[in-house]
Amino acid sequence: MPLMNDARLAPRARTRWASRRRRAPSLALPSRSGWAAPRAACGGRLPLPSASTAEPSSSLPTDHARRRSRRRSCAASLGAAAEAAEEERCPMAGLEWDAGASRLSKALWLLEWPLSVLRWATIPTDSEWDARRRRWTAATPPFAAVLLLVRFSGGVGDAAAARAGPLPLLLLLPLCCAPLPYALWRLTRDDVPPAWQPALVVTGFCFSIVWLDLVATEVVALIETAGFLLGISTSILGLTVIAIGNSAGDLVSDIAAAKGGEAKMAVAACFGSPLLMNIIGAGASLTVRAIMTGGADTESSVSQVCRIAYLFLYTALFSHMVVFPLCGYSASRGYAVYLFALYAVFMLLALLAESRKLGDFLCPASSPCPPPVEG
C-alpha cells in the first residue's frame with residue numbers, strides 16, 4: 001500500500017517541479033548599455049563580457065568592492081613608501097638630532113648647532129636635493145652676502161662699521177639680495193633637482209673656501225696671541241701647533257687608506273698633499289702679493305728655524321728617492337722608525353735655534369738670519 005501511494009504521487013511531483021522550473025526567472029546577459037555606468041566609474045578599464053564569459057549582474061557589486069579594496073591597498077602601500085622615503089632621506093650634517101646618541105655627542109651637537117645653521121644658511125647646497133635643501137637654498141643669498149662682507153671687510157667689527165651713505169652695509173646687502181630667494185623658490189621643485197644644480201654645487205664649494213679662510217684666520221690669530229702671551233715665536237708655533245693641525249686631516253685619511261689595503265694611495269697622498277700646499281700655497285700667495293704691489297719685489301728674510309726645516313725637508317726627500325727604488329717601492333717598518341727619528345732631531349734643533357743655542361748654524365755672513373722675535 002505505501003508503494004502504491006508513492007507511485008501515484010510521483011507523476012504529480014514531477015509535474016509540480018517542471019512548472020516550478022518554468023516559472024523561475026532566467027539569468028539573462030546584461031545589455032551593453034547596462035555595463036556603461038560601471039565601465040565609466042572604473043575609468044574605462046572594465047571589459048565588456050562576451051557570451052562565453054558572461055556572469056550574472058549580481059557580480060557587479062562584488063567587482064566594485066574588489067576594486068575599491070585594491071585601490072585602498074595601493075594607497076596604503078604608496079603611503080608606506082612615502083614614509084620610508086622620508087625616513088631614508090639624506091641627512092643634513094649638523095642639523096639632525098640623534099636621539100640614540102650618547103650624552104657627550106648630544107652636548108657636542110648642541111654646541112655645534114649654531115655654526116651648522118650659519119653654514120647651511122650661507123652654502124647653497126651639497127650634491128643632494130630634497131624639499132629641505134630647497135628651502136635652505138632659497139634662503140641663502142642674503143646670508144651669503146653678509147658672509148662675503150665679513151670676509152672682505154676684515155672681520156665682524158669692520159663689517160658692522162661699514163656704511164654706504166646713511167645705511168649700514170649689513171642691512172643694505174641683504175635688502176639688495178631679497179628678490180633672489182623668491183626667484184630660487186619659483187625656479188625649483190621639491191622632488192626634481194634643478195638643471196643648474198652643478199652651478200649651485202660650485203657656488204657652495206666657493207663659499208666653503210670662504211668659511212675655511214675665515215676659520216683659519218681666526219685660528220692663526222688665536223695661536224699668535226697665545227704665542228705672544230707665552231713668549232713663543234711664531235716660527236715654533238708654525239712648525240708645531242699649526243703644522244700638526246694642518247696635517248691632522250691628511251694623517252687620518254692616509255692611515256684609513258693604508259688600513260683599507262690602499263698602501264699606494266696612502267704613500268702617494270703623503271707626497272701629493274704637501275706638494276700641492278707648497279706649490280699652490282706659495283705660488284698663489286706670491287701672485288696675489290705681486291698683483292697688490294704692482295709687480296714690486298717681495299723682500300723677506302728666512303729665519304734659522306725655517307732654514308733648518310728646509311734642510312730636513314730635503315733630507316727626507318732624498319731619503320725617499322733612494323730608499324723606495326731600492327726596496328721595490330715598498331717601505332719597511334725600520335724606514336718608518338728612521339723618519340720618526342728624523343722628525344725628532346728636527347724638532348730638537350728647531351728648539352735649540354729658537355733659544356739661540358746654535359750660533360750661526362746655516363746663517364753665513366752673506367745671508368744672515370734675522371734675530372728671533374722677542375716674546
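The model is predicted: local features need pLDDT of at least 70, side-chain atom pairs count only at pLDDT 80 or more, and totals for chains, interfaces and linings use all residues. Residues are numbered from 1 along each chain as its sequence is written, and side-chain values use heavy atoms, with hydrogens and water left out.

Glu 96 pairs with Arg 132 in a salt bridge whose closest N and O atoms are 2.6 Å apart; the term stands for a side-chain nitrogen of Lys or Arg within 4 Å of a carboxyl oxygen of Asp or Glu. This pair links distant parts of the chain, 36 residues apart: Glu 96 sits in the loop between α3 (60-87) and α4 (103-122), and Arg 132 in helix α5 (residues 131-138). Helices (H or I, at least four residues) and strands (E, at least two) are DSSP runs numbered from the N terminus. Arg 132 is buried, at 16% relative accessible area.

The count of salt bridges comes to five. One of them joins the side chains of Asp 190 and Arg 134 (2.8 Å, N to O). Asp 190 lies in the loop between α9 and α10 (197-230) and Arg 134 in helix α5, so this bridge ties together parts 56 residues apart in sequence. Arg 134 is buried, with a relative accessible area of 9%, while Asp 190 is partly exposed at 35%. Asp 213 and Arg 151 also meet through their side chains in a salt bridge (2.3 Å, N to O). Here Asp 213 belongs to helix α10 and Arg 151 to helix α6 (residues 140-153), 62 residues apart. Asp 213 is partly exposed at 28%, as is Arg 151 at 30%.

Turning to the aromatic residues, the structure holds seven aromatic pairs. Rings of Phe, Tyr and Trp (its six-membered ring) pair if their centres lie within 6.5 Å; planes under 30 degrees apart count as stacked, over 60 as edge-to-face and the rest as tilted. The rings of Tyr 310 and Tyr 314 have centres 6.2 Å apart and planes at 35 degrees, so they form a tilted pair. Both residues belong to helix α13, and being four residues apart they are separated by about one helical turn. Tyr 310 is partly exposed at 45% relative accessibility, and Tyr 314 is exposed at 52%. One aromatic cluster is formed by Phe 271, Phe 324, Tyr 335 and Tyr 338.

Tyr 310, Tyr 314 and Phe 271 also take part in a nonpolar surface patch of about 600 Å², together with Val 267, Val 302, Leu 313 and Leu 317. Patches are made of residues with over 30% relative accessible area and no salt bridge, like charges being joined within 9 Å and nonpolar side chains (Val, Leu, Ile, Met, Phe, Trp, Tyr) within 5 Å. Helices α12 (263-293) and α13 (304-326) are the elements that give two or more residues to the patch, and α13 gives the most, with four.

For the chain as a whole, 14 helices and two strands are present, and 21% of the 375 residues count as buried.

Key. Areas by Shrake-Rupley, 256 points an atom, 1.4 Å probe, with all protein chains shown as cover. Buried < 20%, exposed > 50% of the residue type's maximum accessible area, 1.4 Å probe, protein only.
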